[in-house]
Amino acid sequence: MYALAECGYRLVDTAKRYGTEAFLREALLAEGVPPRERLFITSKLWPTDYGSSSTVKAALRGSLDRLGLHHLDAFLIHYPAVSRRLEEQKWPLLAETWRALELAYDEGLVRAIGVSNYSVEDLEKQLEHGGETASMRPLLNQIEFHPYQQPTELLDYCAENGIQVQGYCPLGSGNLVGEPVVAEVAGAVGRSPAQVLLRWSLQRGVPTIPKSTKRERVRENAAVFDFELSDEHMTVLNGLKAQVGGGGGRKFVELDIAGKIDENLPDGYKLDARLKENLLAS
């Protein structure tokens, strides 16, 4: 609420899995929050809801109801992953799911459809299995993106195919804030390391999604549009991946998403009680 009402944020990124949609409904109704038409609201479809048009639409309407909205600005397939018991049917199932998103798009329930955590191979396989039933490519691919994680091939592929890349985890799970090179650039431009990392992503053409529940950091993260990093600074930050051998941060390919799906944990299980109590105020 604070981010929208006082700091100029206009993009809201959520998902059924996060367990935050109902909280956001209250925040969107709060005094001082911009009207709906000035906001861009994204949610995501969890793998347990993949499948037929009726299954996907029920999940989408569930998100809309929890958010108190008539439409989403973007709705994404959360991961290119399914339950282990469905592994042999994975790509036909994802292609069917994509077709269901296209139908929701045609119906006006969403203004853009896309994917999240997709590699080049994932994008091509979904298109291949979609065959003649698929009428459009994803408009958006949301991926982990920061100087430790720079998938150049994927960025080039998306640019060539009209797919906007959007980044999450811009601070590399906090690991990059203490990186000496980042601190050096931050000192040179008179900004915080977090602001430098967000600005780096923007200048790479990748809009990014910072996350914080601390008011001072929420405001700080929004103050990245009144300065630029020099070509020299961009080159230094671009080179971080090579310096650390591609390590650091968190990589989707290393996560056992199928295992997470099969654990059947409730949506929002990562939210602790204190965070839930303070979510609206933040």
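## Cysteines

Cys169 is buried, at 14% relative accessibility. The cut-off for buried is under 20%, so Cys169 falls within it. The model is a predicted one. Cys7 is buried too, and its relative accessible area is 13%.

Cys169 is accordingly in no disulfide. Its nearest cysteine sulfur belongs to Cys158 and is 18 Å away. A disulfide needs two cysteine sulfur atoms within 2.5 Å.

Thr208 sits in strand S7, which covers residues 208-209. Is this residue buried or exposed? Thr208 is buried, with 14% relative accessible area.

Its side chain has a polar partner. A polar atom of that side chain lies 3.4 Å from the backbone oxygen of Gly167. Gly167 is also one of the residues that Thr208 touches.

## The nonpolar core

The largest nonpolar core holds 70 residues. Which members touch the most other members? They are Leu72 and Leu237. Helix H4, residues 90-107, gives the most to this core: seven residues.

Leu237 has contacts with residues well beyond its own stretch of sequence. Not counting residues up to four places away, Leu237 touches Pro147, Gln150, Val181, Val182, Val185, Val196, Trp200 and Leu229.

## Val110, in a loop

Val110 belongs to the loop between H4 and strand S4 (113-116). Beyond its neighbours within four places in sequence, Val110 contacts Leu60, Leu72, Phe75, Leu101, Ala104 and Tyr105.

How far apart are Val110 and His129 in space? They are 23 Å apart, C-alpha to C-alpha, and 19 residues apart in sequence.

## The whole chain

The protein chain has 13 helices and seven strands. Its C-alpha trace spans about 55 × 45 × 35 Å along the principal axes. A compact globule of 282 residues would have a radius of gyration near 19 Å, and the protein chain agrees because its own value is 19 Å.

Of the 282 residues, 48% count as buried. Among contacts with a separation of 6 or more, 78% join residues 24 or more positions apart. The accessible surface comes to about 13,900 Å². Carbon and sulfur atoms account for 49% of that surface.

Notes. Residues numbered from 1 in each chain as written. Predicted model: local features only at pLDDT ≥ 70, side-chain atom pairs only at ≥ 80, totals over all residues. Heavy atoms only, no water. Core = buried A, V, L, I, M, F, W, Y, C linked by side-chain atoms within 4.5 Å. Buried < 20%, exposed > 50% of the residue type's maximum accessible area, 1.4 Å probe, protein only. Helix = DSSP H or I, 4+ residues; strand = E, 2+ residues; numbered from the N terminus. Contact = heavy atoms within 4.5 Å. Polar contact = N/O pair within 3.5 Å; in protein donor to acceptor, adjacent residues only side chain to side chain. Rg over C-alpha atoms; globule rule 2.2 N^0.38 Å. Areas by Shrake-Rupley, 256 points an atom, 1.4 Å probe, with all protein chains shown as cover.
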